[in-house]
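Please examine the model shown below. The paragraphs that follow lead from its salt bridges to its core and then to its surface.

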Amino acid sequence: MIAVVIICILVTIILFLTLLAIFQIKMAGMEVKDFVSFIKANDTLNKLYAFSVKYDKLTPQQQVLFLQEADSIFDAFGKVPDALWEEEYQKYMEILNKYKDIKIKRWESQDE
């Protein structure tokens with residue numbers, strides 16, 4: 001009997017904390033799905049940053065993958081307030097610069 005009461009109390013607390021988190025996300029002006037995609041994009045940003053630092057020259061296939069991943073990161077980061085990701089700003093800017101460089105190189109190679 002005591003175990004059932006404890007389980008009910010724990011479920012109630014978990015439900016309350018979940019609703020509180022959703023409320024805070026909404027109060028920040030975001031949708032929950034945008035926040036979840038931001039969390040995933042933040043992880044991808046770290047991986048993409050490590051990849052961009054490690055490899056200076058990318059094959060055309062790697063460039064396409066890099067551009068696709070960077071686009072998804074930019075979309076996700078654009079949907080959340082800047083204050084949420086100001087700690088990641090430097091990594092974001094380095095990915096953005098690499099993105100621009102690859103785009104320019106690809107445009108130049110297409111013009112030739």
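**Salt bridges, core and surface**

A salt bridge joins the side chains of E88 and K91, with 3.7 Å from N to O; the term requires a side-chain nitrogen of Lys or Arg within 4 Å of a carboxyl oxygen of Asp or Glu. The model is a predicted one, in which local features need pLDDT of at least 70 and side-chain atom pairs count only at pLDDT 80 or more, while totals for chains, interfaces and linings use all residues. Residues are numbered from 1 along each chain as its sequence is written, and side-chain values use heavy atoms, with hydrogens and water left out.

The two partners of this pair fall into separate accessibility classes, where buried means under 20% relative accessible area, exposed over 50%, and partly exposed in between (1.4 Å probe, protein chains only). E88 is buried, at a relative accessible area of 16%, whereas K91 is partly exposed at 26%.

How many salt bridges does a search of the whole structure find? The search finds three. In one of them, E31 pairs with K26, and the closest N and O atoms are 3.3 Å apart. Both of these residues are partly exposed: E31 has a relative accessible area of 41%, and K26 has 43%. D43 and K47 also form a salt bridge through their side chains, at 3.4 Å from N to O. These two residues lie four places apart in helix α2, and are therefore separated by about one helical turn; helices here are DSSP runs (H or I, at least four residues), as strands are (E, at least two), numbered from the N terminus. An α-helix has 3.6 residues a turn, so residues three or four places apart point the same way. D43 is partly exposed at 41% relative accessibility, while K47 is exposed at 57%.

The largest nonpolar core comprises 21 residues, and F66, I73, F74, F77 and I95 have the most contacts inside it. Such a core is a set of buried Ala, Val, Leu, Ile, Met, Phe, Trp, Tyr and Cys residues joined through side-chain atoms within 4.5 Å. Two or more residues of this core come from each of α2 (32-54), α3 (60-78) and α4 (89-111), and α3 gives the largest share, seven residues.

Helix α3 has 19 residues and reaches 27 Å from its first C-alpha to its last, close to the 27 Å expected at 1.5 Å a residue; the expected span is 1.5 Å times one less than the number of residues. Its buried residues are Q63, F66, L67, A70, I73, F74, A76 and F77, and their cover includes α2 and α4. Q63, at 13% relative accessibility, touches L58, I102 and R106, not counting residues up to four places away in sequence; contact means heavy atoms within 4.5 Å. With the same exclusion, I95 touches L45, L48, Y49, S52, F66, A70 and F74.

The surface carries a nonpolar patch formed by M1, I2, V5, I6, I9, L10, I13, F16, L17, L20, F23 and M27, with about 1300 Å² of accessible area together. Patches consist of residues with over 30% relative accessible area and no salt bridge, like charges being joined within 9 Å and nonpolar side chains (Val, Leu, Ile, Met, Phe, Trp, Tyr) within 5 Å. Areas come from the Shrake-Rupley method with a 1.4 Å probe; for residues, only the protein chains shown count as cover. M1 belongs to the segment before α1 (2-27) and is exposed, with a relative accessible area of 81%.
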